[in-house]
Amino acid sequence: MKRLGLLLGFALAIAAITAEAEVSTDQPGSILIFPKIASDQTQDTIIQVSNAAGVQIFARCFYINGALDEASGQPLWSVTNFQITLTHQQPAVWVASQGMPTQPPDRPKDLYPGPIPPVSVGFLGELRCVVVTDNEEPTSRNVLTGEATVIDRITHATRKYQGITVPGLPGNNGDNTLLLNDVEYSTCPRVLLFNHF
C-alpha cells in the first residue's frame, strides 16, 4: 500500500505566504481538517465526512494524537491512517471511540465507506483527510466537507463545528508531498478570526 507521506507533509512548503487565504468551512475542498477530536472518560466526538460530488471519491485520513505522554510530558504525535470510499453525495458518520468496524449486515456494500479504526482512550488531537485517486495519489478535487460534534459524557452538552477545507488547485502532480502556498493547494491563512460567544 502506498503510504502518503502526507503524514504531515502539511508541514511542507509553506514558504512566504503572499496570497490571500482561501480555506473555508462552508465550501468543499481537497483537504479536510478537524482541529479537535477528543475521546476520553468525559468526552467523545461524532465525526461526519461528506462527499459533495456526484461521483464516487476516495479519501486518505490521518488521526494525529497530540495527547501528552504521562512519562515524558511531551505530545505523543502518534498517527493512525485509513482510507474511506464515498459514493455520490454520501456522508460517513462515526463515533471516534468506536470507529466503524466491518460492514453492517443491513447496509448495501456500495454504501459502506470501509473500516475506520477507533481512537485510543485519552485521544486528544485532530483528523485530516485528503482526496486521493483509487491508487492513493493526492488529487485536487474539491469534494470534501465535514462537521464534528464533541459530546460531554457527563452533562450530555454538545459543541459542534464545521471542518476546515483547503481547496486543491490545477497542476497537482499526485506525489506524496502536498504543496500549499498556492502551488497544489490554496494558501494557509496567517490569521484566523473567530466569533466567540
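**Notebook: a buried aspartate and its surroundings**

I started with Asp44, which is buried at a relative accessible area of 7%. For my notes, buried means under 20% relative accessible area, exposed means over 50%, and partly exposed is in between, with a 1.4 Å probe and protein chains only.

A reminder to myself: this is a predicted model, where local features need pLDDT of at least 70 and side-chain atom pairs count only at pLDDT 80 or more, while totals for chains, interfaces and linings use all residues. Residues are numbered from 1 along each chain as its sequence is written, and side-chain values use heavy atoms, with hydrogens and water left out.

**Entry 1: the partner of Asp44**

Next I asked which side chain Asp44 meets in a salt bridge. It is that of Arg153, at 3.0 Å from N to O; a salt bridge here is a side-chain nitrogen of Lys or Arg within 4 Å of a carboxyl oxygen of Asp or Glu. Asp44 sits in strand 2 and Arg153 in the loop between strand 7 and strand 8 (158-162), so I noted a link between distant parts of the chain, 109 residues apart. Strands are DSSP runs of E with at least two residues, helices are runs of H or I with at least four, and both are numbered from the N terminus. Arg153 is partly exposed, at 38% relative accessibility.

**Entry 2: the other salt bridges I checked**

I found four salt bridges in the structure. One of them joins Glu136 and Arg60, whose closest N and O atoms are 2.8 Å apart. Glu136 is in the loop between strand 6 and strand 7 and Arg60 is in strand 3, so this pair ties together parts 76 residues apart in sequence. Both came out buried: Glu136 has 9% relative accessibility, and Arg60 has 4%. I also looked at Glu126 with Arg128, a salt bridge with closest N and O atoms 2.4 Å apart; Glu126 and Arg128 are buried too.

**Entry 3: the fold and its cores**

I read nine strands and zero helices along the protein chain. Of its 197 residues, 42% are buried.

The largest nonpolar core holds 29 residues, and Phe34, Ile37 and Trp94 are among those with the most contacts inside it. I take a nonpolar core as a set of buried Ala, Val, Leu, Ile, Met, Phe, Trp, Tyr and Cys residues joined through side-chain atoms within 4.5 Å. Elements giving two or more residues to this core include strand 1 (31-39), strand 4 (78-86) and strand 6 (123-132). Another core, of seven residues, lies apart from it, with Ile31 and Leu178 among its members. In soluble globular proteins, nonpolar side chains tend to be buried together.

Beyond neighbours within four places in sequence, Phe34 is in contact (heavy atoms within 4.5 Å) with residues including Ile47, Val49, Leu127 and Tyr161. Glu126, from the salt bridge with Arg128, also touches Phe34.

**Entry 4: Ser30**

Where does Ser30 lie? I found it in the segment before strand 1, and it is buried at a relative accessible area of 0%. The side chain of Ser30 reaches the backbone nitrogen of Gly168 at 3.3 Å. Outside its four-place neighbourhood in sequence, Ser30 is in contact with Cys129, Thr139, Pro167 and Tyr185, among others.

Methods
A polar contact is a pair of N or O atoms within 3.5 Å; within protein, one must be able to donate a hydrogen and the other to accept it, and residues adjacent in sequence count only if both atoms are side-chain atoms.
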